[in-house]
Amino acid sequence: CARPGSPRAPALAGLLLLLAPLLGTGAPAELRVRVRLPDGQVTEESLQADSDADSISLELRKPDGTLISFTADFKKDVKIFRALILGELEKGQSQFQALCFVTRLQHNEIIPSEAMAKLRQKNPRAVRQAEEVRGPEQLHMDVAVNFSQGGLLSPHLHNVCAEAADAIYTRQEDVRFWLEQGVDSYVFEALPKAPEQAELPRCGQMGDRGKPCACRYGLSLAWYPCMLKYCHSRERPTPYKCGIRSCQKSYSFHFYVPQRQLCLWDEDP
C-alpha cells in the first residue's frame, strides 16, 4: 500500500472497502453495495456476514426480476445458490420457479465471515465493478437433495431453499466428500446418471412440455469479496489486512428435469 503523499495515494483514496474494527457480535452484519452487472446495468447487492454461525450470504435482483442468492456455510463446507425466477403469466407459467444448487465450499473462494463482518464502505453511492473476472464453471448436477433431511447437510438449507423443496441439486463428487465428513446418505437421492442424461434432449430443443429433458441454468455473482488485501508500512513489522479484492464469477448448472415445463427459460437452440 502506498504512503500518503506518494504517487499511488489518489488510487488508495478510492479503495472500495476497509476492514473496520468490529463493534459488537451477535446480529449479522449487513452491507449494501451498488454493483454493475455483466450486461452493464446497475443493481443493489446485499451482503450479510454472521461470524457466530461462520456464514456469509449475498443477494441481488437481476433486471428481469430474478432474485439470486448465495450462501457460504464455512462450518459445513457447503455453498448454496438459489434462483427465484419470475414466470410469464401470459404464457401460463407459475408466478415464480425456485432452484437450489448445493456444492462444496472451498475456503479460498471468498473471504472469511469474520473479515466480511468488518467491511465498511468509504463511498456507499459508488457503483462497484469486480477487479477480477474468474473463469466460468460448468457443473453437472446429478444428485437431488432431500429437503426434509437437508438440515443435516447445512442448517441454512431449510430457510434458503424452502421455495425449491423439489428442486435442490448437487453433484456426486461433492456428496462423496460430505459422506466422508459424516453426513448421512439418506440426505441424497440419485438422479438419472450421466450416460442417461446424455441421451436426453436439451430442454431448449423440445416442444413437448410433459417429457423429461436436460436443463441448463446460468447465473453470475457480479461482485463479491474473494480475497483479503495486505499492506506494508514502516511502522508495522508484519503485513496487515487493509481491504479486499473483488471478483465476478459465472456458473452454468446442468441437471435433469422430469418435465420440459420445469425448464421454460432454457430456449436456446
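## A buried aspartate and its salt bridge

Asp266 is buried, at a relative accessible area of 3% (buried means under 20%, exposed over 50% and partly exposed in between, with a 1.4 Å probe and protein chains only). The model is predicted: local features need pLDDT of at least 70 and side-chain atom pairs count only at pLDDT 80 or more, while totals for chains, interfaces and linings use all residues. Residues are numbered from 1 along each chain as its sequence is written, and side-chain values use heavy atoms, with hydrogens and water left out.

Asp266 forms a salt bridge with Arg202, with 3.0 Å between the closest N and O atoms (a salt bridge is a side-chain nitrogen of Lys or Arg within 4 Å of a carboxyl oxygen of Asp or Glu). Arg202 lies in the loop between helix H5 (194-199) and S15, and Asp266 in the segment after S16, so the pair ties together parts that are 64 residues apart in sequence. Helices (H or I, at least four residues) and strands (E, at least two) are DSSP runs numbered from the N terminus. Arg202 is partly exposed, with a relative accessible area of 24%.

## Further salt bridges

The whole structure contains 15 salt bridges. In one of them, the side chains of Lys249 and Glu137 meet at 3.5 Å, N to O. Because Lys249 lies in strand S16 and Glu137 in strand S11 (residues 137-141), this pair ties together parts that are 112 residues apart in sequence. Lys249 counts as buried at 13% relative accessibility, whereas Glu137 is partly exposed at 24%.

Glu132, partly exposed with a relative accessible area of 23%, bridges to Arg134 with the closest N and O atoms 3.3 Å apart. Salt bridges with shared partners join Glu131, Glu132, Arg134, Lys229 and Arg245 into one network.

## Aromatic contacts

A search of the whole structure gives ten aromatic pairs (rings of Phe, Tyr and Trp, the last by its six-membered ring, pair if their centres lie within 6.5 Å; planes under 30 degrees apart count as stacked, over 60 as edge-to-face and the rest as tilted). The ring centres of Tyr217 and Trp265 are 5.5 Å apart and their planes stand at 85°, so this pair is edge-to-face. Tyr217 belongs to strand S15 (residues 213-233) and Trp265 to the segment after strand S16 (236-257), 48 residues apart. Tyr217 is buried at 5% relative accessible area, while Trp265 is partly exposed at 25%.

Ring pairs also link Phe70, Phe81, Phe101, Tyr169, Tyr251, Phe253 and Phe255 into a cluster.
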